[in-house]
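Here is a short briefing on one protein model and its ligand. Please keep the structure open while reading.

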Amino acid sequence: MELLEKKIQKDGIVKAGNVLKVDHFLNHQMDIALFNEMGKEFKRLFADRPVNKILTIEASGIGIACIAAQYFQVPVVFAKKAQSINIDGEVYSTKIESFTHKRVYDVIVSRKYLGPEDHILIIDDFLANGCAVNGLLELIESAGASVEGIGIVIEKGQQMGGKLLREKGYHVESLAIIEHMDEKTGEICFRH
Ligand code: 5GP
């Protein structure tokens with residue numbers, strides 16, 4: 001998506017450890033005009049899928065998931081990073097290792113909000129090694145729900161998450177795929 005690539009080129013900052021900071025428009029301050037275009041694009045890319053719910057993970061997936069949900073006219077459920085494994089009794093739970101924080105979280109979704117009747121579109125801000133998305137897939141599997149697709153804002157193509165998910169047959173769509181980024185020069189190249 002050209003608009004997003006331009007924004008990343010203009011405001012993205014390449015940090016050590018293969019981390020891209022996009023706090024200017026995605027992860028801290030949020031550019032809602034851009035989010036709207038991204039939401040519309042997710043709808044276009046998954047238009048043929050019978051999505052009835054969007055699943056994301058707190059915190060930074062929530063904003064874009066909500067805007068996209070307006071185009072799909074479906075609710076959003078976000079997986080919670082749990083302090084204790086008990087919200088309202090019954091939950092599905094899994095563990096997710098955070099790429100940016102280098103720690104493992106227990107992540108939960110209440111059984112009330114995910115079940116065998118659900119057709120899920122996963123949306124998240126970044127795809128790197130795929131831990132976050134794989135955790136969400138585990139929750140969906142536990143619930144007996146179906147996966148209709150995976151929509152990602154920024155995929156880091158040098159990491160294996162996207163490749164492995166596509167090899168498993170998932171329909172993964174990333175609005176921008178980074179081919180290469182250089183922390184010394186700040187250069188960012190995209191895959192097309
Ligand atoms: P994964 O689980 O695929 O390894 O990483 C995805 C998760 O880690 C995303 O939910 C995102 O919050 C975070 N993440 C991974 N790489 C980056 C990055 O380069 N920049 C930022 N801001 N977040 C990242």
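This is a predicted model: local features need pLDDT of at least 70, side-chain atom pairs count only at pLDDT 80 or more; totals for chains, interfaces and linings use all residues.

Residues are numbered from 1 along each chain as its sequence is written, and side-chain values use heavy atoms, with hydrogens and water left out.

**Ligand site**

- Around the ligand are 17 residues, of which Leu20, Ala128, Asn129, Gly130 and Lys156 come nearest. (Near means that a heavy atom of the residue lies within 4 Å.)
- The shell divides into 8 nonpolar, 6 polar and 3 charged residues. (Ala, Val, Leu, Ile, Met, Phe, Trp, Tyr, Cys and Pro count as nonpolar, Asp, Glu, Lys and Arg as charged, and the others, Gly among them, as polar.)
- At least two shell residues come from each of β2 (19-21), β7 (119-127) and α5 (131-143). (Helices, H or I of at least four residues, and strands, E of at least two, are DSSP runs numbered from the N terminus.)
- β7 gives the largest share, 4 residues.

**Polar atoms facing the ligand**

- The side chain of lysine 156 has an N or O atom 2.8 Å from a ligand oxygen.
- For aspartate 125, the distance from a side-chain N or O atom to a ligand oxygen is 3.3 Å.
- Asparagine 27 places a polar side-chain atom 3.1 Å from a ligand nitrogen.
- The protein covers 91% of the 500 Å² of accessible area that the ligand has on its own. (Areas come from the Shrake-Rupley method with a 1.4 Å probe.)

**Strand residues**

- Serine 174 lies in β9 (residues 172-181).
- Serine 174 counts as buried because its relative accessibility is 14%. (Buried means under 20%, exposed over 50%, partly exposed in between, with a 1.4 Å probe and protein chains only.)
- Valine 107 lies in β6 (residues 104-110) and is buried, at 0% relative accessibility.

**Backbone features**

- A cis peptide bond, with omega about 0°, joins glutamate 58 and alanine 59.
- Alanine 59 is in the loop between β3 (53-57) and α4 (62-72).
- Glutamine 73 is not a glycine, yet its phi is positive, about 55°.
- Glutamine 73 counts as exposed, at 71% relative accessibility.

Definitions and conventions. A polar contact is a pair of N or O atoms within 3.5 Å; within protein, one must be able to donate a hydrogen and the other to accept it, and residues adjacent in sequence count only if both atoms are side-chain atoms.
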